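Come along and check each entry against the picture.

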Amino acid sequence: MRQKVEITIDGKIVELPVLEAAAGRNVVDVRGLIAEGIYTFDPGFLSTASCESRITYIDGEAGVLTYRGYPIEQLAEESSFLEVCYLLLEGELPSETQLSSFVQDISARMPIDDQFKHIFDGFTEKAHPMSMLCAAIAGLASLYHDDLDIKNAAHRRESAMQLIAKTPTLAAMTYRKSIGAKFIEPDPELGYAENFLNMCFGEPGKPSSVSSTLSDAMDRIFILHADHEQNASTSTVRLAGSTEADPYAAVAAGIAALWGPSHGGANEAVLDVLNEIGDESRVQEYVDKAKDKNDPFKLMGFGHRVYKNFDPRAKVMQASCHAVLHEQGADNDPLLKMAMQLEKIAREEEYFIDRKLYPNIDFYSGITFKAMGIPTNMFTALFVLGRMPGWIAHWDEMLSAPFKIGRPRQLYLGPTKRDYVAIDRR
Ligand code: CMC
């Protein structure tokens, strides 16, 4: 039976249709309200669906995450990042031939134009990788003038391929720049994650010596980050894209949104907090700080807007994290031991249990990256690599159907009309 919602505005009953979801909560269609002279108010979009989507489904209460219907646990266990990219973009898993030509197409687009590499000359070695990556991704539009017709599906597909292919190369270049080292070219013989790790940590002209444990863990981390429905950065990509901005600009806006410590920047912030705590003896003191209403301190890596249960990605990451710690011989690293203690205390404290604050994916990815020897300021750039296919899939989904420029309303509370007062009379 079709549901509807009735509201009364100044004595008039207004009927609002309820749109049925394939899974999860149905949605009240409030579009008719504008004709009744009223808006809805929902800061932070806690109750508002901003679009229809067929890509990713999350049930935060049950701890479920699917990409195109496939559970994240199965994809993390059995798939590869590039196959997941294909799935997110195309909606279906590829055949063997489709996957191998997709992999080749990505590999062929990984090298960066020689002149474009000079963009990094404009940065100092102190520049944050996210600052460089944001600028470089936006700058890519300057290379592809002929493929920027966002109404053309073939052009959109080409931009998607360029973005997935070039992000690891550019992200690795931001790292090489920050350590003052020569760039390393992508190697078409290497898998996506291994290529990225080799471009970061390899030696120019030498074959890759990246261990398969590390490249497999990295590939899995990318899968886990690949999409997360209408999160802040994806919504930013949609909003910027709704102005018909080119895909590189829209994605650069998403990168900027991801940078914040409440979103992708949390994996870096987790390590900052651990460094600030400094010693196992002070863990409880910081847990108490997090619980103190008068203290703005938050335990980074805990809590999630949507998951009020264990984040399914965090569960998969927890296993990968422990495998990497073991392989790297980092089980006894004091910082990492402190992280494990923090996890234990926070999961036993009433404050965290009552508020359903579980360790999130950033908690485990931050610790895993640290154990892999990746510098803290690169952590969020790794999230960019993972999230890229999700951003583009959402951008493409929006542009593939009729859409409107994103333009929220407001509840105005400022001064009402008043007359200008000349400066000598103020
Ligand atoms: N440490 C201590 N208290 C917390 C934390 C935390 N990390 N997170 C939430 N709370 C408290 C919060 O103070 C509030 O308490 P009360 O009900 O007494 O006022 C309650 O829990 C509900 O929190 P909220 O701020 O209303 O929740 P939200 O949905 O608005 O925020 C969040 C979600 C992720 C921004 C927040 O939990 C947070 O800041 N966590 C730390 C940052 C972090 O790890 N972010 C990464 C999220 S996962 C990666 C991604 O998908 O982007």
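**Entry 1: the ligand.** I started with lysine 293, where a polar side-chain atom sits 2.8 Å from an oxygen atom of the ligand. I kept in mind that this is a predicted model. A polar backbone atom of leucine 299 is 2.7 Å from a nitrogen atom of the ligand, and a polar backbone atom of glycine 301 is 2.8 Å from an oxygen atom of the ligand. I then looked up the ligand's surface: taken alone it exposes 950 Å², and the protein buries 76% of that.

How many residues surround the ligand? I found 21, and the closest are His263, Lys293, Leu299, Gly301 and Asp362. I sorted the shell by type and got eight nonpolar, six polar and seven charged residues.

**Entry 2: helix α15.** Asp362 from the ligand's list is also one of the buried residues of α15, so I turned to that helix because its residues 361-371 are mostly covered, with buried meaning under 20% relative accessible area. Ten of its eleven residues are buried, including Phe363, Tyr364 and Phe369. What covers them? I noted α7, α10, α12, α13 and α16 among the elements that do.

Asparagine 360 caps the N-terminal end of α15, with a side-chain oxygen 3.0 Å from the backbone nitrogen of aspartate 362. Just after α15, glycine 373 takes a positive phi of about 85 degrees.

**Entry 3: salt bridges.** I found 19 salt bridges in the structure, and I wrote down a few of them.

Arginine 31 and aspartate 29 meet through their side chains, at 2.8 Å from N to O. Is arginine 31 buried or exposed? I have it as exposed, with a relative accessible area of 64%, whereas aspartate 29 counts as buried at 12%.

Arginine 157 pairs with glutamate 90, and their closest N and O atoms are 1.9 Å apart. Arginine 157 lies in helix α5 and glutamate 90 in helix α2, so this pair ties together parts that are 67 residues apart in sequence. Arginine 157 is partly exposed at 30%, and glutamate 90 is partly exposed at 39%.

Glutamate 397 and arginine 238 form another salt bridge, at 2.7 Å from N to O. Glutamate 397 belongs to α16 and arginine 238 to α8, so the two tie together parts 159 residues apart in sequence. Both residues are buried.

Notes
Residues are numbered from 1 along each chain as its sequence is written. This is a predicted model: local features need pLDDT of at least 70, side-chain atom pairs count only at pLDDT 80 or more; totals for chains, interfaces and linings use all residues. Side-chain values use heavy atoms; hydrogens and water are left out. A residue is near a molecule or strand if one of its heavy atoms lies within 4 Å of it. A polar contact is a pair of N or O atoms within 3.5 Å; within protein, one must be able to donate a hydrogen and the other to accept it, and residues adjacent in sequence count only if both atoms are side-chain atoms. Accessible areas come from the Shrake-Rupley method with a 1.4 Å probe; for residues, only the protein chains shown count as cover. Ala, Val, Leu, Ile, Met, Phe, Trp, Tyr, Cys and Pro count as nonpolar, Asp, Glu, Lys and Arg as charged, and the others, Gly among them, as polar. Buried means under 20% relative accessible area, exposed over 50%, partly exposed in between (1.4 Å probe, protein chains only). Helices (H or I, at least four residues) and strands (E, at least two) are DSSP runs, numbered from the N terminus. Contact means heavy atoms within 4.5 Å. A salt bridge is a side-chain nitrogen of Lys or Arg within 4 Å of a carboxyl oxygen of Asp or Glu.
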